[in-house]
Amino acid sequence: MSLLSRLRCITVDVTGTLIAYKGELGDYYCMAAKSVGQPCPDYKRVHEGFKLAYTEMAKKYPCFGFAAKMPNIVWWKTCVRDSFVRAGYKYDEETFEKIFRRIYASFGSSAPYMVFPDSQPFLRWAREKGLKVGIISNAEYRYQDVILPALGLNQGSEWDFGVFSGLEGVEKPDPRIYEIALERAGNIAAEETLHIGDSLRKDYVPARSVGMNALLLDRFTTPDAEEWRKSGAIVLPDLKAVRELLSSEKSASAC
């Protein structure tokens, strides 16, 4: 008996699993600065500045400011401003506003992202097999309302329900986000659900902790994958391999 025959629901992470970023962060910050006549910021400094700024904002105002009732655009404006400051760039308010608006618009569109070629076929295949398909992502509302649809990953044809941290106030690796997903799927039992992601800490461990089946994708041949396997996780290169595993008669106890 295949694992597929025991499942009623599949949940999937987004970034690194279904989609990936195109280019570098510096590309978009550079284009935004040049659009208002400013020099292109140094890529490395901006990237490091962003990592520090994002970490600080996520710590002070988790889930994109959900608990603080901070508007999404204010959260990102604070983060982007701090990214530039940490990188050594200070703009007057009018200039910064123009730069920020372009950055915010870019990352709220399909432009910075690419969809892995096996993503849409896998999601449609799962739904054709009668499975509920859910998205679980540490992302803000634009992923659900704008970005995923713009990339051809639509609710109703590729996925049935979404659980996004910016809308729920809970983020991975908190197991509660997986419990919310099970409820949203129609209170499907955890053992009848498979979660697919690309992080041992954020995807595999918390999903397993609530009783779900889980496996990890290693799309970019990360050095961490060997440790994932040693921890007991099944690690596959892509969603095509997941489909093959799920359909295999030997997969019943695989995950």
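How do the residues of the lining of the largest pocket divide into nonpolar, polar and charged? Let's come to that by way of the whole fold.

What you have here is a predicted model, in which local features need pLDDT of at least 70, side-chain atom pairs count only at pLDDT 80 or more, and totals for chains, interfaces and linings use all residues. Residues are numbered from 1 along each chain as its sequence is written, and side-chain values use heavy atoms, with hydrogens and water left out.

The protein holds 12 helices and 8 strands; these are DSSP runs numbered from the N terminus, with helices (H or I) of at least four residues and strands (E) of at least two. Along the principal axes, its C-alpha atoms fill a box of roughly 65 × 35 × 35 Å. Of the 255 residues, 48% are buried, where buried means under 20% relative accessible area, exposed over 50%, and partly exposed in between, with a 1.4 Å probe and protein chains only. Among contacts (heavy atoms within 4.5 Å) with a separation of 6 or more, 67% join residues 24 or more positions apart.

Now for the pocket. Rolling a probe the size of a water molecule over the atoms shows where empty space is left. In this calculation, on a 1 Å grid over the protein atoms alone, a pocket is an open set of points where a 1.4 Å probe fits, with protein on both sides within 12 Å along at least five of seven lines, and lining residues have an atom within 4 Å of a point. The largest pocket has a volume of about 1300 Å³, a volume being the space filled by probe spheres set on the points, which are joined across faces, edges and corners. Its lining counts 45 residues, with Thr15, Tyr21, Phe50, Tyr54 and Asn138 nearest the centre. Elements giving two or more residues to this lining include strand E2 (19-21), helix H4 (72-87) and helix H10 (200-209), while H2 provides the largest share, 6 residues. And the opening question: the lining divides into 25 nonpolar, 8 polar and 12 charged residues. Here Ala, Val, Leu, Ile, Met, Phe, Trp, Tyr, Cys and Pro count as nonpolar, Asp, Glu, Lys and Arg as charged, and the others, Gly among them, as polar.

Next, the cysteines. A disulfide is a covalent bond between the sulfur atoms of two cysteines; the cut-off used is a sulfur pair within 2.5 Å. The whole structure has 1 disulfide, formed by Cys30 and Cys40 with their sulfur atoms 2.0 Å apart. Because Cys30 lies in helix H1 (residues 25-35) and Cys40 in the loop between H1 and helix H2 (43-60), the pair ties together parts that are 10 residues apart in sequence. The torsion about the S-S bond is about -135 degrees, so this disulfide is left-handed. Cys30 is buried at 7% relative accessibility, whereas Cys40, at 35%, is partly exposed. Cys79 is buried at 0%, and Cys63 is buried at 7%.

Finally, visit Ala139, in the loop between strand E4 (132-137) and helix H7 (141-150). Ala139 has 4% relative accessibility, so it counts as buried. Leaving out residues up to four places away in sequence, Ala139 touches Phe64, Phe164, Ser165 and Gly166.
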